[in-house]
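Subject: Structure handover

Hello,

Here is the structure I promised to pass on. Please open it alongside this message, and then read on for what turned up.

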Amino acid sequence: MAQAKKKAAAKKPAAKKTAAKKAAPKKSAAKKPAAKKVAAKTRKAPRTVAKKGASNQGPSNKTLKEMHLKMLRIRRFEERSGKLMEDGKVPGALHLYVGQEAVASGVMQHLTSEDWITSTHRGHGHLLAKGGEFKPMFAELFGRSTGYCKGKGGSMHISNMDLGMLGANGIVGGGPPIAMGAAFSNQFQGNKNVSVAFFGDGASNEGSVHEAANMAALYKLPCIFVCENNGYGEYTRQSKHQAIVDVADRASGYGMPGVICDGMDVMSVYEAAGEAIELARSGGGPTLLECKTYRYYDHVGIRGMGLNYRTDEEVEEWKKKDAINNFEKRLIQLGVMSRKQLDALDAKICEDIEEAIQYASDSPFPTPDQLLEDVYYVKGA
Amino acid sequence: MSEAKKPEPRVLPYVLAINEGIRTVLSEQDDAFLAGEDVAEAGSVYGYCGGLLDQFGPRRVIDTPISEKGIMGLGVGASATGCRPIIDLMFMDFIGECMDEVANQMAKMRYMFGGKATLPVTVLTMGGAGGSMAAQHSQSLEAWLAHLPGMKVVMPSDAYDAKGMIISACRDDNPVFVVLNKSSLAMSMEVPEESYEVPLGEAIVRKQGTDLTIVAFGRMVHEALDAAEQLKDVGLNVEVIDARSVQPFDTATVVTSIKKTHRALIVHEAVKFGGIGGEITAQIQEQAFDYLDAPVMRVAAPFSPVPFSPALESLYIPNAASIVAKVKETLEL
């Protein structure tokens with residue numbers, strides 16, 4: 001059964017209309033195995049991704065609700081952020097995560113604040129899923145001193161060390177070497193924590209990613225490389241920036257398992273990430289997990305620069321696979337939540353967001369004396 | 001009074017002082033580790049990591065692939081999450097391979113995160129020409145690093161400072177580049193066995209003088225001291241300052257000296273254009289313009305890649321003779 005899934009996954013180009021179709025589960029959320037593709041030609045004997053124990057009956061309703069909450073918080077936060085940017089209410093550029101919510105939510109469901117992640121330029125979703133709060137996040141986007149980074153990092157460097165979030169990153173491919181280093185710390189300190197590097201199909205062509213992956217495999221570090229293949233490196237479609245369809249194919253070259261999952265389905269991500277994270281926690285080393293996904297908005301902002309690089313039809317096609325809509329239908333079907341409850345939750349999130357935006361715009365800007373603060377660590381300061 | 005023999009002062013070459021600095025740090029700090037290309041089993045291509053693997057084991061002395069982005073990323077990620085890495089970047093020239101990790105991640109993370117990340121990482125690297133290693137294994141790129149807010153950069157000129165600055169760098173909670181010099185490896189002097197610090201960001205007057213102040217970096221300090229000796233023969237008494245630290249730079253010590261000598265000459269091995277000498281010249285004219293009796297002058301490498309041929313390389317690297325000539329020019333002699 002897994003065999004068929006493997007092949008189906010291997011042939012799917014991310015940016016085409018058929019992409020990820022077969023991986024989209026239609027039945028019970030709990031039963032569906034992740035579409036899986038274990039590296040065939042590792043130098044060592046190929047590792048098999050850990051199988052779920054017989055006792056594991058799938059995620060609890062609590063877990064399902066938490067993942068839904070994560071996704072919805074991201075969606076509403078990003079929609080509102082994009083609007084603020086296009087209305088000129090926030091300075092700078094925002095790279096928004098709308099469409100990809102299932103990836104951050106499904107992975108982060110397995111992590112605690114003790115686990116480290118590195119993010120990308122499209123980083124709000126990762127921080128929100130890791131436990132980021134609306135108020136200090138909006139305050140950061142507004143450049144206020146009450147922001148997570150005291151207004152010094154902004155959208156592209158938003159971070160929270162207490163939540164184990166080692167920053168969004170303005171450099172494509174900047175995160176994975178850092179995540180590898182954090183995983184090294186975990187191994188050095190002898191704890192069971194893992195680190196997760198999120199990066200895109202664009203970043204998968206950066207040398208830094210290859211070096212980090214090679215070292216993580218070499219040292220068997222508890223590091224999971226999560227490639228969010230959204231089909232585009234900025235404005236260049238995947239087929240124009242790499243000769244492969246599945247980034248996970250590269251895993252065998254690093255000497256780690258490569259797994260593909262449906263990045264539009266939070267259950268698919270949850271299950272695949274769960275196995276990879278379990279493997280890492282138990283000393284089995286890294287996994288390259290590729291999530292086939294899509295961003296609905298432009299590279300920057302919502303409509304962005306209006307460049308002609310993809311069709312509206314393509315976007316609409318992907319929206320049919322929308323992670324949140326489909327998951328909500330499933331939650332209703334499973335009797336986990338009712339439409340009414342979902343609507344009430346949505347309303348509450350929107351209300352919280354408006355309150356956070358008010359908080360952010362009422363917050364003070366950093367004072368001039370903060371300009372030179374935090375460049376260096378100063379003893380006793 | 002006592003007839004008891006004084007113990008012989010212990011003399012160590014620069015290369016072993018580096019070793020002792022690292023050894024001291026690994027002994028004192030349980031969360032420190034050393035990682036780099038060929039540092040463990042081979043003991044580094046310069047020999048300064050010899051014996052460290054035996055003493056501290058493979059958990060703390062780690063051979064890496066030839067992957068500078070990975071190695072430097074290891075330093076960033078591990079230091080931000082509770083370790084105190086010592087990263088060995090074999091040749092300073094290889095920094096091009098990892099400049100993103102150095103410039104965009106390591107130097108800036110603390111600031112970008114609003115002061116909530118601390119990166120106690122030390123990078124040891126080897127600069128300098130003199131061995132016909134040609135254009136990609138001989139450069140002095142300290143100005144690249146000194147241009148990065150968040151980064152500290154030091155250049156120990158001798159064995160004593162090499163050990164003491166490595167210890168200070170590793171105790172510092174900021175990223176610090178310790179730029180060593182490959183032509184100084186055999187240079188020996190008395191080095192205490194015990195642990196000691198040489199402060200970062202403090203220049204030191206190596207020779208007192210009255211007629212002109214030479215500010216020199218790294219190995220150039222020794223060329224400057226040689227020049228100072230030669231200048232005595234023509235009745236000139238120059239002061240020689242070992243800058244020791246490029247970032248932060250100790251402008252105060254230089255300005256104090258210039259208020260006495262009224263003339264300044266900056267000496268570094270890096271190319272003159274865009275070198276740190278230009279910055280120091282600017283700082284001197286900003287802070288001590290009224291005390292100057294002559295333009296601030298520089299002796300540095302010409303604007304070319306480091307040549308391979310010994311015949312050209314010896315012309316390329318500043319030396320005592322070129323310093324003597326420039327001092328005389330400054331004094332209009």
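Helices α6(A) and α3(B) cross in a right-handed sense. The model is a predicted one, so please read everything below as computed from it. The two helices, α6(A) and α3 (residues 68-80) of chain B, pack at an angle of about 55°. Their axes are 6 Å apart. That angle makes α6(A) oblique to α3(B).

Which residues meet there? From α6(A) come A:Pro177, A:Ile178, A:Ala179, A:Met180, A:Gly181, A:Ala182, A:Phe184 and A:Ser185. Facing them in α3(B) are B:Lys69, B:Gly70, B:Gly73, B:Leu74, B:Gly75, B:Val76, B:Gly77, B:Ala78 and B:Ala80. By class, this contact has 10 nonpolar, 6 polar and 1 charged residues.

Now the wider interface. In total, 35 residues of chain A are in contact with 34 residues of chain B. On the chain A side, α6 (175-189) and α7 (207-218) each supply at least two residues. The largest share, 10 residues, comes from α6(A). Sorted by class, the side of chain A that touches chain B has 19 nonpolar, 11 polar and 5 charged residues.

Chain A

Chain A has 13 helices and 7 strands. Of its 381 residues, 55% are buried. Take the contacts in chain A between residues at least 6 apart in sequence: 77% of them join residues at least 24 apart.

Helix α5 (residues 134-141) of chain A packs against helix α13 (residues 339-362) of chain A at an angle of about 45°. The axes of these two are 8 Å apart. Again the angle decides the label: α5(A) is oblique to α13(A). Their crossing is right-handed. On the α5(A) side, the residues are A:Phe134, A:Lys135, A:Phe138 and A:Ala139. They meet A:Asp352, A:Ile353, A:Ala356, A:Ile357, A:Tyr359 and A:Ala360 in α13(A). This contact has 8 nonpolar, no polar and 2 charged residues.

One residue of chain A is worth a look: A:Leu289. It lies in strand β7 (residues 287-292) of chain A. Is A:Leu289 buried or exposed? A:Leu289 counts as buried, because 32 C-beta neighbours lie inside 10 Å, and 20 or more is the cut-off. Beyond its neighbours within four places in sequence, A:Leu289 is in contact with A:Ile224, A:Phe225, A:Val226, A:Val259, A:Cys261, A:Ala272, A:Ala273 and A:Ala276. A:Gly274 is 15 residues away from A:Leu289 along the chain, and their C-alpha atoms are separated by 11 Å.

Chain B

Start with the sheet. It is open, with 7 strands in the order β3-β2-β4-β5-β7-β6-β12 (chain B), and the pairing is mixed. Its edge strands are β3 (61-63) and β12 (245-247) of chain B, each pairing on one side only. From one strand to the next, the twist averages 20°.

At one end, strand β2 (residues 32-36) of chain B pairs with β3(B) in the parallel sense, over 3 bridges. There B:Leu34 stands opposite B:Val61 in β3(B). Helix α1 (residues 14-28) of chain B lies across β2, β4 (84-89) and β7 (176-181) of chain B. This helix runs at about 135° to β2(B).

Most residues other than glycine have a negative phi, and most peptide bonds are trans.

- The peptide bond from B:Gln247 to B:Pro248 is cis, with omega near 0°. B:Pro248 is in the loop between β12 and α9 (251-261) of chain B.
- B:Asp38 is not a glycine, yet has a positive phi of about 65°. Its place is the loop between β2 and α2 (52-56) of chain B. B:Asp38 counts as partly exposed because it has 16 C-beta neighbours inside 10 Å.
- B:His262 also has a positive phi, near 70°. It is found in the loop between α9 and β13 (264-271) of chain B. With 17 C-beta neighbours inside 10 Å, B:His262 counts as partly exposed.

Best wishes

How values were computed:
Residues numbered from 1 in each chain as written. Chains lettered and ligands numbered in written order. Predicted model: local features only at pLDDT ≥ 70, side-chain atom pairs only at ≥ 80, totals over all residues. Helix = DSSP H or I, 4+ residues; strand = E, 2+ residues; numbered from the N terminus. Buried ≥ 20, exposed ≤ 12 C-beta atoms within 10 Å, placed from the backbone. Contact = placed C-beta atoms within 7 Å. Pairing = 2+ DSSP bridges. Axes fitted to C-alpha atoms, helices over the stretch in contact; angles between N-to-C directions. Nonpolar A, V, L, I, M, F, W, Y, C, P; charged D, E, K, R; others polar. Parallel < 35°, antiparallel > 145°, perpendicular 65-115°, else oblique. Left-handed = near helix turned anticlockwise from the far one by under 90°.
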